[in-house]
Amino acid sequence: MKIFRFAAIGVVWSVALALLTVAGCSRNQGTGPKDVKIEGAKERQANLDVPKVRFTEVTDKAGVDFTHVNGAFGRKMLPETMGAGVAFFDYDKDGKPDLLLINSCYWPGFEEKGARPPTMAFYRNLGKGQFENVTEKSGLAITMYGQGVTVGDYDNDGWPDLFITGVGGNRLLRNVGDAKTGRRFVDVTKDAGDLTDADSWPAARGDAFLAHADALAWPSSAAFVDFDNDGKLDLFVCNYLTWSPKIDLDQRFTLTGAGQERAYGPPRAFQGTHCTLYRNLGGGKFKNVTAPAGIQVAGELGQPIGKALGVAVCDVDNDGWQDIIVANDTVRNFFFHNQQNGTFKERGQEAGIAYAEGSARGAMGIDWGEYRPGRFAVVIGNFANEPNTLLRLDHPQKLLFSDVATLEGLWGPSRIVLKFGLFFFDFDLDGLLDLLTCNGHLEPLIHLVQSGQSFKQPAQLYWNTGSKFEPVTSDRSGKDLFQHIVGRGCAYADIDGDGDLDVVLTENGGAARLLVNEGGTGNHWIRLALEGDGVRSNTSAIGARVIVSAGGKTYHRQVTSARGYLSQCEFPITVGLGKTAKVDRVEILWPGRDAGRTVLTDLAADREHHIVQPKK
């Protein structure tokens, strides 16, 4: 099947719009644009005791009133479809995770009349389910065409900092302040060395902006990572496409069957680009080391081929050096294997990560975790009519993966919806990592050409049974989680201190939704908040590996920055213990060169433990 057909006017979308990343995939029928279903979930649940854990929306009650702005005004430029990310992190170190929602903005010269420039929104967690909007006084009332966020203490002063990606440039925001002034963020991008090399937002406005031809940098997801084990957090930045308003608008994308109204263009109509790696030199300076570090991946003609939207940082072979896996949209995924000398080798094809079922998919969000005892996997959310990809690590030392989405029950149920944000998390605290995906289509008119698709779509929650992933329906988790939205970024945190993990979902051009996990299983848990020494290890402990032994079972977790799509989950690690009420042993392998390990025994369950790396 041809994915696109070409005419004199340019690329014309056929009814295969929702299949734009997979050749030969059959079109799925549904009951209409308001009824995207999870196929066969009720039938499969008949013989399973799916836990009854309800997620209840508390957005208004909690004081969160954010609405995302994508700037769309009818011309349908591709960045308008991508939404923005979200982060949970404890900026003031009071033990309660705060909430940052990234925003985009109006296109220059096309602002809504009388509207204030949109900014990102920051909410301080007051406890007891309440948040206070502190955007202005925290210094985060920043207007930019924001995309993603990653959190980490890059200067090792003990306070978490922010890196925000956006079309036309990035922002490095340092966490400063004292007991009298309170904590706030200061933009230090211009003083941070090479981080300004993505600055490309034009001064033009109105029609002159639409005619701007030079490519604008389009960074998407990003991750703080100490790739060289020197104790300082470096930055890995995904870049999506070679894009400018003129490049986009010169191509006449239309939807067959929906008149001649312009449609949003597919990524295959744009050239790729390279990801970027910045090394932390100390003193607040970063250096672009993309080329010498082996991060640039080129095609046969030397052109960049990456179209990166998601990044997962993980130590695949347990050698103490962080590897990087990149989810690419409609081109092969990348696996950058750390060579322990400041360079990486791209091994996606030989490792079995590059393709799923022999083809490149429209990959969006990505996560890594131990989904079975001693079994690790990469999960990737893909375009509509493509299933999730679940790449099981079969041989750590040989770096070999295989796609087990069908075997693990994900292929059919995940296929119809368009998946963006996702993450592994243990929503019922039984010790097994479950999966959530945040979904929504790109094209508002998709239902006109594909009756089984809709613009707004429900999230999907999968319970890990120990042998497969089982879709959870509203009779078990309530209706709030499954409301139809144009879903994009998502994250989790224990916002109310009760031990279970709560969720935030963002909507492209819509309101964020905060949902509290009501628990009810009676399962035990332990939370570990780690702090590096700031010399051998970064103070955020990003990259630390944790091994928890309890009740004859062993759990492996890792502290990481980026999760899913454009987003960041909280740093503390939550390990569900099921019916086991005692933790026998916790081993922490601190990140960095010769950083050592910490072993603790007989830790109390059902509480959070703050563990500081011992001084050498």
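Start with the open sheet of four strands, ordered S21-S22-S23-S24 and paired in the antiparallel sense. Strands here are DSSP E runs of at least two residues, helices are H or I runs of at least four, and both are numbered from the N terminus. Two strands pair if DSSP finds at least two bridges between them.

Before moving on, note that this is a predicted model: local features need pLDDT of at least 70, side-chain atom pairs count only at pLDDT 80 or more, and totals for chains, interfaces and linings use all residues. Residues are numbered from 1 along each chain as its sequence is written, and side-chain values use heavy atoms, with hydrogens and water left out.

Now select 375–380 and 389–395. These are S22 and S23, an antiparallel pair with four bridges. Pick Ile380: its bridge partner in S23 is Thr389.

Go to 334–338. Five of the five residues of this strand, S19, are buried, so S19 is largely enclosed by the rest of the structure. Buried means under 20% relative accessible area (exposed is over 50%, partly exposed in between; 1.4 Å probe, protein chains only).

Show the side chains. In a regular strand they alternate between the two faces of the sheet. Phe334, Phe336 and Asn338 point one way from S19, while Phe335 and His337 point the other way.

Ile324 stands opposite Phe336. The two strands form a hairpin with five residues between them, and Thr330 in the turn has a positive phi of about 75°.

His337 has Lys345 of S20 as its bridge partner. Five residues lie between the strands of this hairpin too, and Gln340 takes a positive phi near 65°.

**The whole chain**

Zoom out. The chain has eight helices and 40 strands. Its radius of gyration is 23 Å, close to the 25 Å from the globule rule for 616 residues, so the chain is as compact as a globular protein of that length. The radius is taken over C-alpha atoms, and the rule is 2.2 Å times the number of residues to the power 0.38.

The C-alpha trace spans about 70 × 60 × 50 Å along its principal axes. Color by burial: buried residues make up 62% of the 616.
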